[in-house]
Each structure stands twice: as C-alpha cells, then as structure tokens.
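Dear colleague,

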Amino acid sequence: MAFPRSLPRAHEKNERLEEEIARRQIDSDHRRRFQIRCGCRAPAGITGPGYNAEAILVKRKILVIDIGGSHVKLMISRAKKLKFTSGFRLTPREMVAEIKPLVSDWKFDAISMGFPAPVRGGRILSEPKHLGKGWVGFNFEKALGKPVRIINDAAMQALGSYRGHRMLFLGLGTGLGSALVWDRYVLPLELGDLPYRNGSIIEDYLGKPGLARLGEKVWRRDVEHALVQLRKSLIADYVVLGGGNAKKLDALPKGVERGHNRNAFLGGTRLWQIDSRTRRPKWQIL
C-alpha cells in the first residue's frame, strides 16, 4: 500500500506540536487545554494522533517532583513551584506527608519524580546516599493517589535540557548527577562513583563536600578539568551543567553551557510524551 508523501511531513509536524505542548506547560500558570489543529488527512485505514484528525486535545497536567539531597522541589508550571528541605533523614513517608498539603490546591493528572539514586524500569534500585531509608519498594502511586513515573533526577534534568545531537548532562549539587542523551534515548549514569585521586571517588571532589573542603578556587579548577575529560571520554557534542553549584563557575570550557534547574519541569513533562505513530512513550529511558 502506497502512502501519500504528506504522511512523513504530517508526522514531523505532529512531533513538533507535541514538543511545543511540553514547552508551553512550563509557561502555564493556570489550568488549560491546548488544542492542536492538524490539517493532514490519511488514507482509509490509517488512524492515530495526527492522522485523519481535525483536532487533538492534550489534557494531562503533570506535577514534577525533583528530589535532591538538600531540597525537594514541586513544580506544576514554570511559575508555580514550591520546595522544602530534604536532608539525610528524609524518608518517603515523611516526604509524602510534606507534599500533600502543599499541593492540595493544585490540579494534576500524573506525577513525574526525579530521584537521586539509580532507577531502572521506573523502580528505585538502591537507597540514596544523601537521604534517609525506605525508598526501595515504596509505593508512591498508592501514597499519592496518582500515576507516577520515576526517573533518576539527573536524567530528568538532562531530558529537559536536551536540544539535539549527543549531550552529556552533569549536575553539580550535593553529589554529582550525570546522564547522556541522544536521539530519543536517555542513559542515566553514575559518573560520581568513578575512581579519583587519593583513593576517593570523583563526587567527593566535584560535589558539595568537595567544594567545602577545597575552597572555590581549587574546586573550580577540578570541575573544569573534569568537564573537558568527561566530554572527550563520552564523545559528547556538548555538556550541560545543572545543579545549584553550576552558577559558581565563571568561565566555562568550549562546548560546555550552563543549564537551569527549571529544565527538570520540561524533563518531567517529556516523560509522559507519546509517540504519535507507535502510541508508546516517545523517550526511551535505558
């Protein structure tokens, strides 16, 4: 069966529209639906988003929870965000108890959660280094009453920062978050555990404890050296820096740019994007 030449173009158009929806959600301060007009028509027997459809309504509102070693951030748009202190003693039950009253007036359909530990298949694999215990196996959907998708926190920031080609994301926060993104693939990394000098790991130098121990001047030198080497080792076209300490770097090496923590919201929104041809998630989290 021969398909009209307009079909690939229609699919590309729909992909761009879906991406625009995700970006618009960042600037949305109130509940609304986005109506997308698609003027394409498919031959008989072809159905699906973008084909043989005059309008597609996007109704899902996403609450993004970005869990870090210092704070838990709640975002439902770029403007509407709240945060509270986390720390070494925070348990999942305590976090849920903090979240519920804060978002009681917010309307949302699903939740994206960025978590500071290895995550695979939407499941937390190990207890975090900088929080309390009890996270592995905790049922967030039951506790929060909404569908929940969990991803490594650095991977969520990376997904929101991605703008094509092969990108390495590094989060300079309490620890060292890392992820690699290319095409439609997101690969969470644990570069913070790489061996470093004096029998330590690299996170001990580039993370918050390293900054406090070394002082800003030496810390910046170590970070800049690591940026160049990691970009080269992972064959990244560019590096995006996130995390609260990224702003402490004045000059950045070539091919390195400063991101923004609010990109976590776009990353959380993208987690729920659906490919218009396959009806499956657009992004593959490896």
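Accessible areas, as used in this message, come from the Shrake-Rupley method with a 1.4 Å probe. On that basis the chain exposes about 14,900 Å², and carbon and sulfur atoms supply 50% of this area. Please bear in mind that this is a predicted model.

I begin with the chain as a whole. It has 286 residues, of which 48% are buried. Its secondary structure consists of eight helices and 15 strands. Among the contacts with a separation of 6 or more, 61% are between residues 24 or more positions apart.

The next item is a sheet. Five strands form an open sheet with mixed pairing, in the order β5-β4-β3-β6-β9. Its edge strands are β5 (81-85) and β9 (148-152), each of which pairs on one side only. On average, neighbouring strands of this sheet are turned by 15° against each other, direction ignored. Within the sheet, β3 (residues 62-67) pairs with β6 (residues 110-115) in the parallel sense, over five bridges. Leu 63 stands opposite Ile 111 in β6.

Two helices pack on this sheet. Helix α4 (residues 153-161) touches β3, β6 and β9, and its direction makes about 95° with that of β9. Helix α8 (residues 263-270) touches β3, β4 (71-75) and β6, and the direction of α8 makes about 125° with that of β3.

Eight of its eight residues are buried, so α8 is largely enclosed by the rest of the structure. Here, buried means under 20% relative accessible area. The buried residues of α8 run from Asn 263, Ala 264, Phe 265 and Leu 266 through Gly 267 and Gly 268 to Thr 269 and Arg 270.

Finally, I draw your attention to Gly 69, which lies in the loop between β3 and β4. Which residues does Gly 69 touch, not counting those up to four places away in sequence? They are Ser 86, Gly 87, His 130, Leu 131 and Thr 174. Gly 69 and Lys 129 are 60 residues apart in sequence, and their C-alpha atoms are 8.3 Å apart in space.

With kind regards

Terms used:
Residues are numbered from 1 along each chain as its sequence is written. This is a predicted model: local features need pLDDT of at least 70, side-chain atom pairs count only at pLDDT 80 or more; totals for chains, interfaces and linings use all residues. Side-chain values use heavy atoms; hydrogens and water are left out. Helices (H or I, at least four residues) and strands (E, at least two) are DSSP runs, numbered from the N terminus. Buried means under 20% relative accessible area, exposed over 50%, partly exposed in between (1.4 Å probe, protein chains only). Contact means heavy atoms within 4.5 Å. Two strands pair if DSSP finds at least two bridges between them. Axes are lines fitted to C-alpha atoms, for helices over the stretch in contact, and angles run from 0 to 180 degrees between N-to-C directions.
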